[in-house]
Every structure is written in C-alpha cells, then in structure tokens.
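Please keep the sequence and the three-dimensional view side by side while reading. The paragraphs below lead from one part of the chain to the next.

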Amino acid sequence: VFAALQSFTLSQSGWQIIPSGTSVALQSIHFSDYNNGYAVGDGGTILKSTNGGTTWQNQSIPGLTPLYDVFVFDQNNVVAVGSGGSIFKTTDGGLNWNSVQSGVTDELFSVAFSGSNGICGGGSQTILYSTNMGTSWNIFQSGFFGGGFFGAAMLSPQIGFVAGQNSIFQPLLAKTIDSGVNWDFTAFYLNNNEGEATRIDFTDANNGYVSAAVWDGTGAVSKTTDGGANWVSVMNTNPLWDINFPISGASLIGYAVGENGTILKTFNAGLSWPPQQSGTSVRLNGVYFLDLDFGFAVGDNGTILRTT
C-alpha cells in the first residue's frame, strides 16, 4: 500500500509555478491569512500578494543586500530581517518600510512571533527578542566566533526556539520559556554527523523538527519528542533548507524543501518523508502552509510554487 501511495504521490504534481516578476533568489514566504502574504529575498526584494498568492506586487527596498526571513502579522503589519543587522517593518501594508535598529551588524536569518512577542536569530549566534511586534529589539547575545541561528519558531508568547550551528559545526538548539529573556542551549548531531540546522518548527512543547544540511552535502530532518533534549534524524539525499508543520489535528502532516527542487511531505509526524514532484530543479529555500493543503514554496530564480 505504501509503495502504491508513494508512486501516486510521485506521478502527479500538485504544485503550480506562479510568476513572481523577479529572477532573484527568494528566501522566505509567510501568509497571515488566505489572502495576504509576503515573500522576501536577495537585493532587498519584497513581494506582496493580496489574493492568495495568485499575483505578486514588488515593494522592494532599493539597493539593499539580502532579506532572509519575513513574518506577516496581518495585512498591514509585517517584519522582515536581513543582512548586516537589517530589520524592516511596515505598519501600512508595505507603502512604507521603516528601518528598525537591531543593535547588531550580523546577518539576521530568522524571525518569528507569537502575539506581540518575537525572536530573531542571526550570525555569530546572535539572538534578539522583541515585546512590541518588532518595533524595538533587545539583544540576548551576539558576537560569538562562528555558528549562527538560521531558523526561529514561536510556540506561544513565552516559548520560542532558534536553531542553527555552534562554533564546532554541531547543530545547535536554543529554547526560551520567558519570551526571549533567558535561553537554554542543546547541541546535537544528525545521526552522528556534523552539520547545521537550517530552519525549525515545533507543533507542541515536546515535538519539534529541524531541517538540516549535513557536512557531506546531504540533508536531514531531525525530530525531538522531549522538547529538544534528544534528536533523531531521517537522512535525505539533498540538503534541506526549510520545514513547516501546519498546526492541525495531531500535527501528523509536515513539509520540507531543499536543494534540486526537493519537496518532502510526511504523513506520520516525521517517521518518513516521501518526495513530491515539485516541477522545478532549483534550490527551494522556504516553505509555508496555512493549513494541511494550502501552501507555498520559494526558491532561486524568483521561484514561487503554490499548492491548494
């Protein structure tokens, strides 16, 4: 039955390529509802959709180096983070993008919020936190030699996670239970392999996942069932750059994307990750689902994929 299911999954693509109007690499995509979403990428690229990703308008910030992640609160309020400590926020649906002081000059790779509380991860193992929807930021730590935090997830206004790599090439998790004021750190391996956690998502306080790139050029999805203390990995041929579990039901279904157009979907809470046909061979950098079926992936060459 599994083999038949897998061949059915591989034989048809439920992914549609959506014209983006840009050829730069898109790094991240996020929707607040079934209409309003944003994608960000290289060259200060910001794309906005108000019709569920059918069409996209360019709101790019001129002359800026890459934007790596974006969080959409609602149709008006959005925060984007990028290189050189850049944080931008709009409160008017992107008519104006205002620069926000981060206090650091590291690359800022990841941002996540729950309510008005948010966290941001960056190079040199930088961690920032905000209590006012990203209007201002506090520095928990920065300036470490090597490593960084490439993914961020908020499970509640108090509980958050960042994931990346430490200075000795181990995947590294950091967890806060007080909205970013204090953090605990756990280094682990990808089934005994060095590498980096590239993004992170938690479905409840115990169950979490990271997408990963392994030192030898392969990839992995690692899962914890004890809040991040221990991790078990499912290896993949290609490096994986993002992971997303739409919170629904028992959180059995999740998606991961990566190199060479890779899209993986789990139906069993990460025990196995059969591939899907993406229709592209470009590197996919970001994935986001609003529910179990309606989602997007973004990648190099301005690629936007949508499934319903």
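Ser 179 counts as buried because its relative accessibility is 12%, and the cut-off for that class is under 20%. The coordinates come from a predicted model, and every value given here is computed from it. Ser 179 is found in the loop that runs between strand E16 (171-176) and strand E17 (184-187). Its phi angle is near 65°, which is a positive value in a residue other than glycine.

A positive phi also occurs at Ser 124, where the angle is near 55° and the residue is again one other than glycine. Ser 124 belongs to the loop between strand E11 (117-122) and strand E12 (126-130).

A further serine in a loop is Ser 156, placed between strand E14 and strand E15 (160-165). Is Ser 156 buried or exposed? With a relative accessible area of 16%, Ser 156 is buried, since the class takes in values under 20%. The side chain of Ser 156 makes a polar contact with the backbone nitrogen of Ile 159, at 3.0 Å.

The aromatic side chains can be considered next. A pair of aromatic rings is described by the distance of the centres and the angle of the planes. In this model the count of aromatic pairs comes to 20. One of them joins Phe 71 and Phe 73, whose ring centres lie 5.0 Å apart with 70° between the planes. Why is this pair edge-to-face? The angle of 70° is over the 60 degrees required for that class, and the pair is therefore edge-to-face.

Phe 71 also pairs with Phe 113, at 5.4 Å from centre to centre and with 50° between the planes, an arrangement classed as tilted. This second pair links distant parts of the chain: Phe 71 lies in strand E6 (residues 67-72) and Phe 113 in strand E10 (residues 108-114), the two being 42 residues apart. Phe 71 counts as buried because its relative accessibility is 15%, and Phe 113 is buried as well.

Elsewhere, ring pairs connect Phe 31, Tyr 34, Trp 56, Phe 294 and Phe 296 into a cluster. The face of another ring, that of Trp 241, has Arg 283 lying over it, at 3.9 Å from the ring centre.

Phe 71 leads on to the open space in the model. Rolling a probe the size of a water molecule over the atoms shows where empty space is left. The largest pocket holds about 600 Å³ of space. Its lining consists of 27 residues, of which His 30, Phe 71, Asp 201, Asn 244 and Tyr 288 are the closest to the centre.

Which strands supply at least two residues each to this lining? They are strand E2 (26-31), E6, E10, strand E14 (148-154), strand E18 (195-202), strand E22 (240-244) and strand E26 (284-289). Strand E18 gives the most, with 4 residues. By class, the lining of the largest pocket has 20 nonpolar residues, 3 polar residues and 4 charged residues.

The last stop is Pro 275, which is placed in strand E25 (residues 275-276). Pro 275 has a relative accessible area of 29% and is therefore partly exposed, as this value falls between the limits of 20% and 50%. Along the chain, Pro 275 and Thr 186 are 89 residues apart, and their C-alpha atoms are separated by 30 Å.

Conventions:
Residues are numbered from 1 along each chain as its sequence is written. This is a predicted model: local features need pLDDT of at least 70, side-chain atom pairs count only at pLDDT 80 or more; totals for chains, interfaces and linings use all residues. Side-chain values use heavy atoms; hydrogens and water are left out. Rings of Phe, Tyr and Trp (its six-membered ring) pair if their centres lie within 6.5 Å; planes under 30 degrees apart count as stacked, over 60 as edge-to-face and the rest as tilted. Buried means under 20% relative accessible area, exposed over 50%, partly exposed in between (1.4 Å probe, protein chains only). A charge sits over a ring if NZ of Lys or CZ of Arg is within 6 Å of the ring centre and within 35 degrees of the ring normal. On a 1 Å grid over the protein atoms alone, a cavity is a set of points where a 1.4 Å probe fits but cannot get out, and a pocket is an open set with protein on both sides within 12 Å along at least five of seven lines; lining residues have an atom within 4 Å of a point. Grid points are joined across faces, edges and corners, and a volume is the space filled by probe spheres set on the points. Ala, Val, Leu, Ile, Met, Phe, Trp, Tyr, Cys and Pro count as nonpolar, Asp, Glu, Lys and Arg as charged, and the others, Gly among them, as polar. A polar contact is a pair of N or O atoms within 3.5 Å; within protein, one must be able to donate a hydrogen and the other to accept it, and residues adjacent in sequence count only if both atoms are side-chain atoms.
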